[in-house]
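Have the sequence and the 3D view open as you read.

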Amino acid sequence: MLVLFETPAGFALFKVLDEGKLSKVDDLWKDFSSAETSRQVVKLKAFSKFENTAEALSAATLLIDSKPSKGLRKFLRAHCDGETLAVADSKLGNVIKEKLQIDCVHNHAVMELMRGVRSQLTELITGLGSQDLAPMSLGLSHSLSRYKLKFSPDKVDTMIIQAIGLLDDLDKELNTYAMRVREWYGWHFPELAKIVQDNILYAKAVKLMGYRTNAAKLDLSEILAEEVETELKEAAVVSMGTEVSDLDLINIKDLCDQVLSLSEYRAQLYDYLKSRMNTVAPNLTALVGELVGARLIAHGGSLLNLAKQPGSTVQILGAEKALFRALKTKHATPKYGLIYHASLIGQAAPKHKGKISRSLASKTALAIRYDALGEGQDNSMGVENRLKLEARLRNLEGRELNRSAGATKGKPKIEFYNKDQKTGAGAIITAAKTYNAAADSVLGRIEAEAEQDEKMVPKIEEPSEGKKDKKKKKKKEAVVTDDVAADEDVGKKKKKQKHVVNEEDEAQNEETVEDGDEKKKKKKRKHAETEIETPSKKKEKKKKKKSEE
């Protein structure tokens, strides 16, 4: 039986001298208590040395996946003819048996034997000392850890954090120096500050021109546009600035040199940052740009720490103070932080910035995780997500043909044909006026109600004033009926007037009824009086007749 043992220096094959001792597993450790006893159990048969660290790393990574390397297969074919091979991994044994047709054994006794060989490894392999084995093990373990973590020196994001910090500092210093140049040279030529707005062009113009009296003789076309150059020369002639000495002008030019050198170094640093960002986080760069992506990485501490954050945290990263203030005061929380400076959010309208920032943050979180933990080196995922976000932005702002055929919101409004409505620039919006036949039915209803009221009320002789009121009422009704055939809007108003007239007539009818009731009562009273008076008159007549007889 042969034993396959892996070391940091290479593969070793040991020959088992006494296989009977494998049956006594519990006492096997005693045979490896010393170097002499261990040599009686196993003996080194062959050793395959690794040529370099890369070969050792590739062999170790394949063994982790239970796969034999090319060198191991050659080594086993050369030394394992007709022998049984003891291995520490059962899956590796199955692969060796399938590919090399070598019988492999893996059990508890083999594992105890491996443990004993490991304890006396330096004694069993001649020329391999403990002082050499320890550095080999340490180096191989470090290389293996880097491989397992997908570590690469090109993926170091520390350089990005330092570069973006330096870039921000350079911007502050450059702005301070440029303002100092404007203020200092402004005493000599104050009009130049309004003519030349750019700080770098201002410094170049000052360095080239010197005294303002030299502006008329110089050719500034390489620096400035033609219109700006003519305006500068005209202003230099009538400038209100004071005179400066040669020493002052030398110091101003030195400051201009500092501004120009800082601007050149900033451009170089930006190119360096751009290349590092495209290497370390290509998908993040495709989504939000180099500067915003670098600031996100710097704020998170590293790309790996940023990959652990959810999309909601990425969205408000950089606005922590505003967030906690809003939570404390129970106000609205911020919608964006550092991500606000991305070009996609800048393109959106103010009312859509919140939605786009939320969508961009979720896609950015995915891109960061892919860059930090994925194996791909291209920016295809970032470009694809950016196209999706741009389509969503167009959809929100209505730039595309958003009335799609299947959508409920996108269905076109059906406009009914109206023959009376004209088309074109001078179209009449309101429909043509027509006769309202429905107004006639209102008059019929009013007459029917009036007839019913007459039937209910008994016929009473009305005074002359009541007759006059009736005539007035008839005249009003006639006026109302003549006006009914007018426009619809006028007809509606007249209907209201009719109701008012009817109410007045009803009130008058009620008054006439009340007058008739009072007259009836008076007649009854008179009749009752006559009834009371007639018997007495009859008695008087009878008395008169008797007296005459």
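What follows covers a sheet, its strands and a few ring contacts.

A quick word on the ground rules: this is a predicted model, where local features need pLDDT of at least 70, side-chain atom pairs count only at pLDDT 80 or more, and totals for chains, interfaces and linings use all residues. Residues are numbered from 1 along each chain as its sequence is written, and side-chain values use heavy atoms, with hydrogens and water left out.

Let's start with the sheet. Here, strands (E, at least two residues) and helices (H or I, at least four) are DSSP runs, numbered from the N terminus. Two strands count as paired if DSSP finds at least two bridges between them. The sheet is open, with 5 strands in the order β3-β2-β1-β4-β5 and mixed pairing. Its edge strands are β3 (42-49) and β5 (104-105), and each pairs on one side only.

Of its 5 residues, 4 are buried, so β1 is largely enclosed by the rest of the structure.

| Strands | Bridges | Direction | Residues standing opposite |
|---|---|---|---|
| β1 and β2 | 5 bridges | antiparallel | leucine 2 and lysine 15 |
| β1 and β4 | 2 bridges | parallel | valine 3 and alanine 86 |
| β4 and β5 | 2 bridges | parallel | leucine 85 and cysteine 104 |

β1 and β2 also form a hairpin, with 3 residues between them.

Now for the rings. Rings of Phe, Tyr and Trp (its six-membered ring) pair if their centres lie within 6.5 Å; planes under 30 degrees apart count as stacked, over 60 as edge-to-face and the rest as tilted. How many aromatic pairs does a search of the whole structure find? It finds 2. In one, phenylalanine 11 and phenylalanine 50 have ring centres 5.4 Å apart and planes at 75 degrees, so the pair is edge-to-face. This pair links distant parts of the chain, 39 residues apart: phenylalanine 11 is in strand β2 (residues 10-16), while phenylalanine 50 is in the loop between β3 and α3 (53-64). Phenylalanine 11 is buried at 3% relative accessibility, and phenylalanine 50 is buried at 13%.

The rings of tyrosine 336 and tyrosine 340 have centres 4.8 Å apart and planes at 40 degrees, so that pair is tilted. Tyrosine 336 is partly exposed at 27% relative accessibility, and tyrosine 340 is partly exposed at 34%.

Methods:
Buried means under 20% relative accessible area, exposed over 50%, partly exposed in between (1.4 Å probe, protein chains only).
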